Amino acid sequence: MKLFSSLRHRSFALLWGGQTISSLGDSLYRVALAWWVLEKTGSATAMGTVLIFSMVPMLIFLLIGGVAVDRLPRVRLMLGSDLLRFLVSGAVAAMAFANVLEVWHIYIASVVFGFVDAFFQPAYVATVPDITPREALNSANALTSLSRQLTGTVGPAIGAAIVALGGTPLAFALDAGSFLLSALFLLPIPPVAAPRAAVPATEHNLLRELREGLQAVLAKPWLWVTITLAALGNVTSGGPLAVSLPFLIKNTLHGSVELLGLSGSMISLGQVLGSVWLGRIPRLHRRGLIAYGGLLASGLAVLLYVLPGGVIGIALGALIFGASLAAFGLIWTTTLQEMVPGELLGRVSSIDYLGSFVLIPIGYALAGWATDWFGAPLVFIIGGVGTMVMALLGLAHPAIRGLD
């Protein structure tokens, strides 16, 4: 099958296999961490603080991580990241087994994980085209998305079973083991020279290299338009789904937590189906129209949550939203890898991540405030319409319509 064509290339198969194992470990860790914090503190504020401690360092260091990815051997950078995460998560597991783990230890671990993610994520995006032929890029990115969604779907259930049977320390230990296995998968991959290795070290300048990355983004309208709209999309669609959905289900639909779980499962299923569908196509054409058509469909999906239909509306909306998200993300990643020069890809990827994530806290805050004051249905209506308007604005730009 064309979906699996990228696995014929040994280096990518090793990279993908290691990251699939690591993603499964992350799913175990998230479940175990949430349960441990609940048992230890009984505080939702403490859990929110853990998330903030991991997100803020990532946002702060993303641009520097992009420079490092374009300056240093990318596979070795990921190897170092995995080994550091193995040591930190191993220490968390050891303290949990010894019953000396405290919340402030988790805060420190979260800071380290956020810092490492700022380097690892751009490195992964930039490494795939280094080790995968162009005709297999779509397959590689589809499999990457597919593995994350599948591990994100089955991982929480496995993690919950492990916590129930062996306790949170065992789940922490298995997460540490997943990082070690990921590092072992990276070891056989032949080192790829850093794109800027030929530049003398004395000519490197952090600010100049950051400026070069930003100039590369601003020089291509399809880049800066999409990054801007993706950031706003995290406000218009991400806010309602992450913050307002529980209130919509409980207060408006008078549903239970099972309906909230159904929404999450259907989003994951939609992402899997979208990844499988697009991953079968060796080379996509009319990318701008398809990607922004997906963004338009995601806005419609948000509206389906509050249109008459109840459970069916939520299930259908979640399925469409997941498939649209997968289509947009897959096309975007493949386009970056093909159209951005290799020596700039790390920095452009880091700017992309930063631009996409930077408004998430604002989106969550606005959704919470609007839900309290105006109710969850209106938040979904505004979010869905706003997302559709942004998609249409993007399609109005000739650079987006002409993106092939």
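This is a predicted model: local features need pLDDT of at least 70, side-chain atom pairs count only at pLDDT 80 or more; totals for chains, interfaces and linings use all residues.
Phe115 is partly exposed, with a relative accessible area of 31%.

A pair of aromatic rings is described by the distance of the centres and the angle of the planes. Nine aromatic pairs are counted in the model. In one of them, the rings of Phe61 and Phe115 lie 4.9 Å apart, centre to centre, with 85 degrees between their planes, an edge-to-face arrangement. Phe61 belongs to helix H2 (residues 44-71) and Phe115 to helix H4 (residues 103-131), so that the pair joins distant parts of the chain, 54 residues apart.

Are Tyr292 and Phe328 buried or exposed? Both of them are buried.

Tyr29, Phe113, Phe172 and Phe179 are connected by ring pairs into a cluster. Elsewhere, a ring has a charged group as its neighbour: the charged end of Arg85 sits over the ring of Phe120, 4.5 Å from the ring centre. The charged end of Arg148 is placed over the ring of Tyr124, at 5.6 Å from its centre.

The next topic is the packing of two helices. Helix H8 (residues 221-236) and helix H9 (residues 238-252) pack at an angle of about 25 degrees, and their axes are 3 Å apart. The two helices are therefore roughly parallel to each other, because angles under 35 degrees are counted in this way. On the H8 side, the contact involves Gly233, Asn234, Val235 and Thr236, which meet Gly238, Gly239 and Pro240 in H9. By class, this contact contains two nonpolar, five polar and no charged residues.

A final point concerns the backbone. Most residues other than glycine have a negative phi. Asn99, however, has a positive phi, near 60 degrees. Asn99 is found in the loop between helix H3 (74-97) and H4. With a relative accessibility of 71%, Asn99 counts as exposed.

How values were computed
Residues are numbered from 1 along each chain as its sequence is written. Side-chain values use heavy atoms; hydrogens and water are left out. Axes are lines fitted to C-alpha atoms, for helices over the stretch in contact, and angles run from 0 to 180 degrees between N-to-C directions. Helices (H or I, at least four residues) and strands (E, at least two) are DSSP runs, numbered from the N terminus. Angles under 35 degrees count as roughly parallel, over 145 as roughly antiparallel, 65 to 115 as roughly perpendicular and the rest as oblique. Contact means heavy atoms within 4.5 Å. Ala, Val, Leu, Ile, Met, Phe, Trp, Tyr, Cys and Pro count as nonpolar, Asp, Glu, Lys and Arg as charged, and the others, Gly among them, as polar. Rings of Phe, Tyr and Trp (its six-membered ring) pair if their centres lie within 6.5 Å; planes under 30 degrees apart count as stacked, over 60 as edge-to-face and the rest as tilted. Buried means under 20% relative accessible area, exposed over 50%, partly exposed in between (1.4 Å probe, protein chains only). A charge sits over a ring if NZ of Lys or CZ of Arg is within 6 Å of the ring centre and within 35 degrees of the ring normal.
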